[in-house]
Protein chains: 2
Amino acid sequence: MTPDEFRKAGHELIELIADYREQVADMPVRSSAAVGEVLRQMPESAPIEAEPASNVIKDVENLLLPHLTHWQHPSFHAYFPANAELSSVLGDLLSSGLGQLGLNWQSSPPLTEVEQVTCDWLRQALGLSVDWQGVIQDTASTATLVALLCAREKSTGFAQMSDGVRTCGELVVYSSQQAHSSIMKASLLAGFGQNSVRACAVNADFSIDVHALAEMIEQDLAAGRKPCAIVGCTGTTAITAMDDIEQLAQLAEIYNCWLHVDGAMAGSAMILPEMRHLWQGVEQADSIVINPHKWLGTVFDCSVYYVRDVEHLVRVMSTNPSYLQTSADGQAPNYRDWGIPLGRRFRAMKLWWLLRCEGVSGLQQRLRRDIDNARWLAQQIEQAEHWRLIAPVALQTVCIIHEPPHITTAEQLDNHTQSWCEAINSSGEAMLTPATITENDGETRWMVRVSIGALKTERLHIEHLWQVLQKSVAGQL
Amino acid sequence: MTPDEFRKAGHELIELIADYREQVADMPVRSSAAVGEVLRQMPESAPIEAEPASNVIKDVENLLLPHLTHWQHPSFHAYFPANAELSSVLGDLLSSGLGQLGLNWQSSPPLTEVEQVTCDWLRQALGLSVDWQGVIQDTASTATLVALLCAREKSTGFAQMSDGVRTCGELVVYSSQQAHSSIMKASLLAGFGQNSVRACAVNADFSIDVHALAEMIEQDLAAGRKPCAIVGCTGTTAITAMDDIEQLAQLAEIYNCWLHVDGAMAGSAMILPEMRHLWQGVEQADSIVINPHKWLGTVFDCSVYYVRDVEHLVRVMSTNPSYLQTSADGQAPNYRDWGIPLGRRFRAMKLWWLLRCEGVSGLQQRLRRDIDNARWLAQQIEQAEHWRLIAPVALQTVCIIHEPPHITTAEQLDNHTQSWCEAINSSGEAMLTPATITENDGETRWMVRVSIGALKTERLHIEHLWQVLQKSVAGQL
């Protein structure tokens with residue numbers, strides 16, 4: 001494609017994206033596509049001859065846009081906010097357009113140095129001390145795998161440099177029953193084995209039961225196993241519950257475990273000084289992951305992994321082939337040795353654009369708006385008949401259930417929950433996520449998560465949502 | 001940022017990128033920045049108040065652009081081609097702008113289905129049979145880790161679901177002395193331990209010595225170890241040497257090993273039917289990785305991992321928490337279970353744009369041009385006094401050394417090599433990579449890799465390079 005063809009199609013796409021953002025609020029939130037509907041309309045093979053960009057744009061408009069699920073919609077309350085602020089979209093466009101690749105510092109000095117700067121800017125904004133250094137990874141799943149690999153190598157005295165984990169006894173990883181599935185996945189991939197991964201019981205507020213955890217660890221020690229890592233959640237997946245990081249840090253110190261803090265979604269809230277009590281003790285952790293590609297607004301993917309001991313990270317991850325050695329080695333960070341991939345995209349660009357074009361105070365205002373909105377919705381739920389909050393609302397996730405008196409069995413209730421949630425999702429009025437939760441009565445039931453924090457979600461959208469919720473359980477959607 | 005602010009800055013960036021591509025040929029290829037030069041000019045903290053995009057664009061122009069190493073320059077011959085075709089840049093812009101996120105099919109049906117389609121289009125273009133299914137990963141390092149995890153779990157009968165690798169004896173991974181550093185890294189991360197990773201001797205053409213490999217495997221078996229995986233390279237890192245995949249497949253079958261084919265860079269050449277003999281036997285492999293983000297031209301990052309047994313891959317990688325379950329499960333691929341990360345960017349968009357806007361025949365023409373250029377340069381080297389090709393030129397990598405008669409010691413020769421290479425890189429006329437190689441005489445020496453295949457590299461640039469090479473060894477640069 002020539003630069004002039006790029007100009008023409010590029011300007012069209014800028015307009016298309018701006019139009020999309022202006023019009024998205026009027027679209028049904030969830031896609032109503034049937035499985036295979038998009039695929040079936042595409043040719044079976046790639047074209048032999050080049051097509052003009054206008055053909056592709058036409059297909060984007062006719063074939064893709066009508067079938068999207070709109071994550072940028074103000075009534076998107078499913079999963080978690082995956083905000084793609086337009087300022088960070090611009091940063092990412094520049095990253096692609098300049099075609100830079102990070103292999104070592106020399107291969108693109110700005111790529112490395114902007115990453116150093118933005119990770120440090122974000123560290124300060126989060127209120128973390130200068131002891132922490134960050135690196136951008138694709139997702140929290142990957143960062144958690146890196147954390148557990150670091151834990152494994154610390155516990156085994158760098159077994160990977162000799163016989164690997166097979167000679168090191170049974171290493172155990174601990175997290176909460178409410179922890180993200182990526183923690184189990186990372187444990188298995190790191191070689192721990194499912195039998196050595198513990199899901200600890202939780203308190204009434206769904207935070208990890210630290211006494212139960214201490215008991216678990218003691219039992220493992222008594223059985224000759226080696227406690228290796230504790231993963232604490234600043235914001236669990238289903239509930240956004242807050243583990244007591246300070247107490248976990250004490251256990252980690254006593255039992256010589258790695259402490260990884262998973263703040264993938266809720267960590268963004270730590271840009272608000274009034275929320276930092278939620279991860280009190282974080283300075284004693286060994287690693288933290290925070291995803292600026294969620295609530296904060298950096299376009300996916302941009303997960304920042306912070307560690308205190310960079311030397312340890314590099315020792316676990318480093319490779320040093322001759323063709324990558326340059327005279328700058330040792331003066332600048334070689335980020336290839338801070339994670340799994342060798343090559344790096346200029347990912348810091350989109351975070352840099354976000355922080356500059358929104359400003360820390362702009363980001364703070366938006367997050368405070370969302371927390372206020374969540375509180376308002378929680379109040380309506382608490383005051384309404386037959387509605388119940390499943391858990392305290394620490395930040396922006398409101399977990400709810402509707403229990404009308406005519407429903408008497410657990411199965412009926414689960415059916416009711418899934419049915420009214422699906423009615424809302426099918427209507428396109430809003431999008432929510434059903435999920436299971438084991439409550440304090442020991443019963444596992446379906447509930448509905450309302451995750452608040454899309455860029456464009458204002459109070460009026462939450463007021464509308466509350467109407468939609470009530471209509472839905474009344475069968476009026 | 002409002003849509004209107006986005007429009008204004010977006011149109012400016014489209015022009016900036018087009019201008020950059022038009023002007024890049026006139027810039028020195030390698031950055032002449034000092035370590036910390038960019039960083040020192042940036043504020044210590046993120047701005048509190050939002051800045052206009054024009055501020056950021058100004059900094060891009062004044063602070064970043066002058067310090068880039070230009071991967072898109074026609075005289076960029078370092079490392080490998082990391083082409084960012086403008087058509088794929090547009091695809092990536094759209095991916096960012098639409099702010100889609102893949103968690104399951106429902107979360108963005110087009111994201112999943114365009115990935116299905118483009119991975120299959122690429123499969124056909126590469127001449128692979130319908131037995132293969134692909135998934136986009138970030139880099140080959142990650143894909144190779146996934147491959148070795150699949151190998152580990154196959155060898156151990158899914159040890160991760162019970163006690164992990166600690167109870168499974170010593171598993172061994174085999175690759176060539178010329179294999180990429182990511183293979184050792186992935187082996188260590190997967191828990192094999194350095195003592196269980198074998199670097200096999202190579203033949204005169206730097207391909208793996210299959211007889212030596214068979215002997216190694218026999219020795220390991222005799223010692224009670226378990227051969228687990230063989231990694232064959234279609235294009236080694238330094239030389240672009242071609243392992244004999246057919247023979248490796250025979251060994252893999254005999255010894256019940258996983259066979260992973262690393263075609264990260266050179267795999268792109270398999271879109272040329274006349275080159276497919278270079279990976280003869282690939283249909284018998286278990287997994288293949290190819291990086292469309294290298295020579296092929298998809299903007300980084302886009303690495304495609306092909307497997308024949310999807311069910312096995314999913315069994316190793318799957319997680320299935322309630323909040324991700326939808327009625328479409330089982331009808332559409334859940335790509336979260338095909339790799340390490342849970343969330344997915346709409347990465348297929350940039351590959352889809354590339355394939356459509358360039359056409360298979362356009363891509364073939366470009367790659368053939370590059371192979372011709374490499375052959376032409378190889379001929380000049382062969383015919384010139386005191387110059388020598390280190391290895392046969394299979395595709396587009398030309399590895400060279402200059403051995404003037406006045407140099408008599410190995411140390412002098414290494415100094416000479418590094419010195420003329422650095423003279424070229426410092427001059428900005430071209431960028432090459434020095435690397436070490438152990439030749440057939442058993443000596444390890446420095447040589448220089450000329451990697452040909454940037455988008456804009458025409459014969460005239462290679463003719464100019466040959467002049468620059470001659471000037472450089474004559475001390476005239």
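Me: Where is the place of Tyr79(B), between which helices of chain B?
Reply: This is a predicted model, where local features need pLDDT of at least 70, side-chain atom pairs count only at pLDDT 80 or more, and totals for chains, interfaces and linings use all residues. Residues are numbered from 1 along each chain as its sequence is written, chains are lettered from A and ligands numbered from 1 in the order in which they are written, and side-chain values use heavy atoms, without hydrogens and water. Helices (H or I, at least four residues) and strands (E, at least two) are DSSP runs, numbered from the N terminus. Tyr79(B) sits in the loop between helix 2 (53-64) and helix 3 (86-98) of chain B.

Me: What is the phi of Tyr79(B)?
Reply: Most residues other than glycine have a negative phi. Tyr79(B) is not a glycine, yet its phi is positive, at about 45 degrees.

Me: Which residue does a cis peptide bond join to Phe300(A)?
Reply: Most peptide bonds are trans. Here omega is about 5 degrees.

Me: Into which domains is chain A divided?
Reply: Domain bounds come from an automatic or database domain assignment. For chain A they give domain 1 (3-70), domain 2 (94-355) and domain 3 (361-473).

Me: What area is buried between domain 2 of chain A and domain 3 of chain A?
Reply: Buried area is the accessible area (1.4 Å probe) that two parts lose on being put together, summed over both. Carbon and sulfur atoms give 68% of this one. On the side of domain 2 of chain A, Phe206(A), Ile239(A) and Trp295(A) lose the most, together 34% of what that side buries. The area between domain 2 of chain A and domain 3 of chain A is about 1900 Å².

Me: Which residue forms a salt bridge with Arg368(A)?
Reply: A salt bridge is a side-chain nitrogen of Lys or Arg within 4 Å of a carboxyl oxygen of Asp or Glu. The count between domain 2 of chain A and domain 3 of chain A is one. For Arg368(A), the closest N and O atoms are 2.6 Å apart, and the partner is Glu274(A).
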